[in-house]
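This briefing is meant for someone opening this structure for the first time. It goes through a few places in the fold, one topic at a time.

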Amino acid sequence: MEIGEIFIRDVISHPQPSGMIYCRGFNKMGYNPYYLPYENNISLNQIDYNYDSSKTTILIDYTNILHNSNHIEELKYFKLQNPNSKIFLSAYLPYNNEKGKEVIEEWKAYQGLVDKIFNTVFSFPYAEELFNSVGLNYLNLPFSFDDAYSIPSEFINYDYDVSFIGSTIEGDRYLNIWYNPLSNNNNYKTFFSGFNSYPSTPFEQTYKIYNTSKINLNPHYSHQFGEDKGYGSIFDFNARTFALAGMGCFQLSNHPYYKEIFGNDIPIFNKNNFIDLINHYLKNDDERNKISSKMQQIILDKHTTECRIKTLLEL
């Protein structure tokens, strides 16, 4: 497939929309994609499609989740103007059987228009089954590493022993295991943000905190562990997993599937070993750096945005 023009449509609101990350990924691969901010109300009907039609035109569109009432008509127009094109659509299904079946009925209208539906989980058989049932190809396309905010290691000084930046709004994030032992504990210099009464951290500062923390905590929710909640199993990693590993920052997670991605020597915390792991890796810089380097190399080899683009386009 010879790629011609590339259009990416997403929002421009903070912190960093997936569309912008993919735009940077295409730039690194030598392409010059057009970014269509949703807030600017740019319709696909307004674009001048006067270019080489022998090459495949790409559209990666995130705006269906924003309930654009004209979305299907715009895609039909895009396909009419670009018969030699590929359309990839981001979609998120509710984590509920009955609700999912209701929503999937609305997706039937996209048959023949969309080449692939994707979302950011590692594995979600339930979603694949639903989309395939209405004739749509489904793809798991997990988060990836984007190095736009990386800090060269030679400029890093550690400010914190342990940090966590994130929310707890999606359910149980096991605060009793990691937060309770660390809160009000003067033995550790900690940084917490975004949950309980801790203020949020500006996005531009988040990556600095990552880089200046000896241990970055990355607790996941139980629904990301592959447990069957009545709609099949879901394996999912948050974006922080790829950001931390890609920058070479040490992280401790409670996600059991980490070992499948990063190897059996990657530490996983639980209620029985948490403080022991914290103390061990604070005292053993070389071991901490060795694990960080290993995780970083795996991310750079297999989980960059460019890797995800190649998977999406089957390059």
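In this predicted model, Ile87 is in contact with Leu59, Leu75, Phe78, Lys79, Leu113, Val114, Asp115 and Lys116, once its neighbours within four places in sequence are left aside. The points below begin with this residue and then turn to helix packing and to aromatic rings.

- Ile87 is part of strand S4, which covers residues 85-90, and because its relative accessibility is 0%, below the 20% limit, Ile87 counts as buried.
- Ile21 stands 66 residues from Ile87 along the chain, and the C-alpha atoms of these two residues are separated by 18 Å.

**Helices H1 and H11**

- Helix H1 (residues 18-28) and helix H11 (residues 305-313) have axes that come within 9 Å and cross at roughly 90°, an angle that lies between 65 and 115 degrees and therefore makes H1 roughly perpendicular to H11.
- On the H1 side, the residues that meet H11 are Ile21, Tyr22, Gly25, Phe26 and Lys28, while H11 contributes Thr305, Glu306, Arg308, Ile309 and Leu313.
- Sorted by class, the residues in this contact of H1 with H11 comprise five nonpolar, two polar and three charged.
- The buried residues of H1 are Gly19, Ile21, Tyr22, Cys23, Gly25 and Phe26, and these buried residues pack against S1, S2 and S3 as well as against H11.
- In H11, the buried residues are Thr305, Cys307, Arg308, Ile309, Leu312 and Leu313.

**Helices H9 and H10**

- Helix H9 (residues 274-283) packs with helix H10 (residues 285-302) at an angle of about 100°, and their axes are 5 Å apart, so that H9 and H10 are roughly perpendicular to each other.
- The contact brings His280, Tyr281, Leu282 and Lys283 of H9 together with Asp285, Glu287, Arg288 and Ile291 of H10, and by class it holds three nonpolar, one polar and four charged residues.
- Arg288, one of the H10 residues that meet H9, also lies over the face of Tyr158, at 5.6 Å from the ring centre.

**Aromatic rings**

- Across the whole structure, a search finds 36 aromatic pairs, and one of them is formed by Phe7 and Tyr51, a tilted pair with 6.4 Å centre to centre and 40° between the planes.
- Because Phe7 lies in strand S1 (residues 3-10) and Tyr51 in the loop between strand S2 (34-37) and strand S3 (56-61), this pair ties together parts that are 44 residues apart in sequence.
- Phe7 has a relative accessibility of 3% and therefore counts as buried.
- A cluster linked by ring pairs is made up of Phe122, Phe235, Phe237, Phe242, Tyr257, Tyr258 and Phe262.
- Phe242, one of the residues of that cluster, has Arg308 lying over its face, at 5.6 Å from the ring centre, and Arg308 is also among the H11 residues that meet H1.

Conventions
Residues numbered from 1 in each chain as written. Predicted model: local features only at pLDDT ≥ 70, side-chain atom pairs only at ≥ 80, totals over all residues. Heavy atoms only, no water. Axes fitted to C-alpha atoms, helices over the stretch in contact; angles between N-to-C directions. Helix = DSSP H or I, 4+ residues; strand = E, 2+ residues; numbered from the N terminus. Parallel < 35°, antiparallel > 145°, perpendicular 65-115°, else oblique. Contact = heavy atoms within 4.5 Å. Nonpolar A, V, L, I, M, F, W, Y, C, P; charged D, E, K, R; others polar. Buried < 20%, exposed > 50% of the residue type's maximum accessible area, 1.4 Å probe, protein only. Phe/Tyr/Trp six-rings, centres within 6.5 Å; stacked < 30°, edge-to-face > 60°. Lys NZ or Arg CZ within 6 Å of the ring centre and 35° of its normal.
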